[in-house]
Every structure is written in structure tokens, then in C-alpha cells.
Amino acid sequence: RSNGGIPAVPRLPDNELTYDRIKRLLESADYIERYTGSTNLGRCSISGWKGTAEQADELTVLALADEFWATRYEAAKFAYSRGKTAKGITSPLVAALDSEEPLVRGQVALAIGQVEVVDHALPRLKEMLATADEPLAVATVLATTEEGCEALRELAMSKNATVRLFSNAGLIKAGRDLGVATTQAYLQDLLSALTGKDIATVLLACKSVQLASKSAAGAGREIAALLSHADIDVRIAASDAIFQAAPKDDAVVAAIIGVLDDKAIQSKCIVALGRIGEKARPAIPALIKLMDHDPSARYVAVAYAFPGIDPQSPEVLVALLKVLKESIDAGWPDDKVIEAIGGYGPSGKNAVPDLIKAMGVRTKAPYHVPVAIWALGQIGPDAAAAQEEIEKYLNGECQELAATALKRITAKDATSMPPPQKRYPGAAVFY
């Protein structure tokens, strides 16, 4: 069972990810070898399956029938990755919903949704949701078909609050019955669960927000209060929920600011501030302070928070210029900071000397160079001092990027200048 842990297995070379090799492993008498086969079968979704669809179906069915729960779990993940090309595994996939292991049941339910055979499993899926068995996965899947939504409408009348919670959340996810009644019914159960003392129920309530998303914003303050809960699992679940709901509420923003030092939830909370948007302006000083001494928080704030809150904030620009200087002095110019400065366009002209200096720093993987070329081009004529440096890249991998930047820098007037780009286009990286 999952609470007993699973063994490490060898990673097969790509040339051994074949039908014959994996079939031999899956037919082994040793459960570790069978699990090895299933795990490496899952890798085929990344490396590319080298056999036929029929062979992939055969191996998936073999793994789904295994005694070891982890082997079945990996098979369900492989089925999920194949989607509707895995039509030959419908019956065994539906049968796997009866697995003793909850993780397997949840992953199988998600695979059924991707394979698009929900209606074949409808009775079992309804039964699972009616007993709050893997409700997030099951409600997610039921929301994908009209028949599944009809089941959600029926279950939304349940006397069980958790069943009602996920049924209504599923309908919201599906975009069905988005009237006031459905949303209010969901929020009523959500608020009750979030403020209760049962941690398991609180965790489930937070998970339901993944389906309801911004419709859960009405419970923003109650979710935010859980960000400082003594239980780490609750804090993590609450940060996920805040990220999904993104409540535009001053009290929620204040609660997030108060927990930004909590490493367990820091990144998700920072991204949540960006999703909240302009309403999160009071968080800018706290994020700048955090950015000064925490490189990991700096990356998230620069990439996800500041662009959502205020991509042209003067105080953020001052902080970015400071960090740029520090990263250059450290011998590793921060490409994300450079990209953020480029987003300011002409307002970032004070960065020109440091951007030129950054281009001269050589590292093993100088991601910063093409980004600096782009940023200088975004600044335009005020970056004229960089022209000679940028011209060095007209014949390299970044020639198109350099050419565009030079057109903007050397333009005689606005009519002859190429339009600015809102985002860095992602030029080739030097190696």
C-alpha cells in the first residue's frame, strides 16, 4: 500500500523502451521487475512509444492487472498520457477503479477522462463521488461530459456536505449551472468546511477550489486564515487554494504578506499575489525586501508577481536595477531580472550601462546575453550606447534578435521603429 513506500527501480536506456523488453518485465514473477516495467512504460509518454497502439494497449492492460498497487498506478499514468489513443483498454481501466489503493483509483479516474470513456465508467464514478472517494479526481472527470454533469447535479442534492461541495465545484468547473444558486450552494459548504476543526475535511475543501477556481473567492478570507495554520499540510493546501481563487481582497493580501517567510508556501503565495493583480499593490514593499536576500523568492516575484501587480512600478524598477548590479558583480547576470527591466521599455533607460556590462560577462550558459539584447532593443534610442556591442551578434545565433534591437535603437522616429514586444520571445541560448 502507498503508506509503505515504493522501491527505487532502474531507468532503462531509451533504446530498451521497447514492447519486447517491457513485456518481459511485466510478465516477471518478481514484483520489483514488474514495477520496473510499468515505471519505464510511463517514460514512453516522454521518450515516444516505439511500438504500435495495440502493443501499448496490451502492456497497459497487463500492468493494470498487477497485484502491486504502484505498478497499476504507473499504468494509469501511462494511459492518461496517451489519452484517446488508448481506446483498447476501456474495460480493464474501468475495472481498475475497484483497486484497494486510493491513489490508483484517483489516477485511473483521471485516465478515464483523458481516454474519453467516462460514460463507460459512469455508475462506478457516481458511486465513488457519493461516498467522497477521491472526490477531486472523480468530480474533475464527471465534469467533462453531459452525462457526467447530470450525475453531478443529482449528487449536489446529497445530505453529505463533502459530496455536495465537490458536485457543485464540478459543475462550476464544467461551466454548467453557473447561476447564483450553484455558486452560493458551493460557497456555503466551502465556508462550513474551512472553518471546521476536522483537518481532513479542511484539506478536501481546499482541494475543491481547484475546480471552482475564482468562484471560491467569496471564501478568500477563510482560506487566507489557514495560511498560518499549525499543520503544514493545511498551510500548503490553503496556499494552493489562494492561488486558484485569487481573491481581490485587502484582508487576503495582508494575510499573504504575513506568511511570505514561510518557505513551505512562499512560492505559491507570491504567484497568488500576481494573480490577484493590482489589488496586491500593498505587497510590493514586502516582495522587494524578500527579493533582496532570497534568490528563489526573487525569481518567482520577478517572473510572476510584479508583472501581474504592476509591470511598470517605479519602485520595483529601482529594486531590479539594484539586483542587476549585484548579479553582474557576482559574475552571473540574472536573466529574469534583465527580462523584467526590458518590460519597462524606454523607462528602463538607466539600466543601459549595466546591460552592456552584463553582455560582456561570460558564463557556462549565458542565458542573459540574448535577453539583454532584447531588453536594450525594448528601451529603444536611449540605448544607443549599446549599438556596437549588439552588432557583434548580427552573425550568430541571435542575429534576428540583434537585428530587431538595432532597428529600434537606430530608428529616427516612432513611425520607423518596430513595435515593442510585451514579452521576451525566447531567442536561442549560447553554449
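This is a predicted model: local features need pLDDT of at least 70, side-chain atom pairs count only at pLDDT 80 or more; totals for chains, interfaces and linings use all residues.
## How helix pairs are described

When two helices pack together, the pair is described by the angle between their axes and by the distance between those axes.

## Helices α14 and α16

Helix α14, which covers residues 232-245, and helix α16, which covers residues 266-276, have axes that come within 8 Å and cross at roughly 15 degrees. Angles under 35 degrees count as roughly parallel, and α14 and α16 are therefore roughly parallel to each other. Their crossing is left-handed.

On the α14 side the contact involves S239, D240, I242, F243 and Q244, and these meet K268, C269, V271, A272 and R275 in α16. Sorted by class, this contact between α14 and α16 holds five nonpolar, two polar and three charged residues.

## Helices α19 and α20

The axes of helix α19 (residues 314-329) and helix α20 (residues 335-342) come within 10 Å, and they cross at roughly 145 degrees. The crossing of α19 and α20 is left-handed.

From α19, the residues L317, L320, L321, V323 and L324 take part in the contact, where they meet V337, I338, A340 and I341 of α20. The contact of α19 with α20 consists of nine nonpolar residues, with no polar and no charged ones.

## Helices α22 and α24

The axes of α22 and α24 come within 8 Å of each other and cross at roughly 20 degrees, which makes α22 roughly parallel to α24.

By class, the contact between α22 and α24 has eight nonpolar, two polar and one charged residues.

## The cavity

How many cavities of 30 Å³ or more does a search of the whole structure find? The search finds one, and the largest cavity has a volume of about 60 Å³.

The lining of the largest cavity is formed by I373, W374, G377, Q378, L401, T404, A405, R408, P419 and Q421. The elements that give two or more residues to this lining are α22, spanning 368-379, and α24, spanning 399-409. By class, the lining of the largest cavity divides into five nonpolar residues, four polar residues and one charged residue.

Key:
Residues are numbered from 1 along each chain as its sequence is written. Side-chain values use heavy atoms; hydrogens and water are left out. Axes are lines fitted to C-alpha atoms, for helices over the stretch in contact, and angles run from 0 to 180 degrees between N-to-C directions. Helices (H or I, at least four residues) and strands (E, at least two) are DSSP runs, numbered from the N terminus. A crossing is left-handed if the near helix is turned anticlockwise from the far one by less than a right angle, and right-handed if clockwise. Contact means heavy atoms within 4.5 Å. Ala, Val, Leu, Ile, Met, Phe, Trp, Tyr, Cys and Pro count as nonpolar, Asp, Glu, Lys and Arg as charged, and the others, Gly among them, as polar. On a 1 Å grid over the protein atoms alone, a cavity is a set of points where a 1.4 Å probe fits but cannot get out, and a pocket is an open set with protein on both sides within 12 Å along at least five of seven lines; lining residues have an atom within 4 Å of a point. Grid points are joined across faces, edges and corners, and a volume is the space filled by probe spheres set on the points. Angles under 35 degrees count as roughly parallel, over 145 as roughly antiparallel, 65 to 115 as roughly perpendicular and the rest as oblique.
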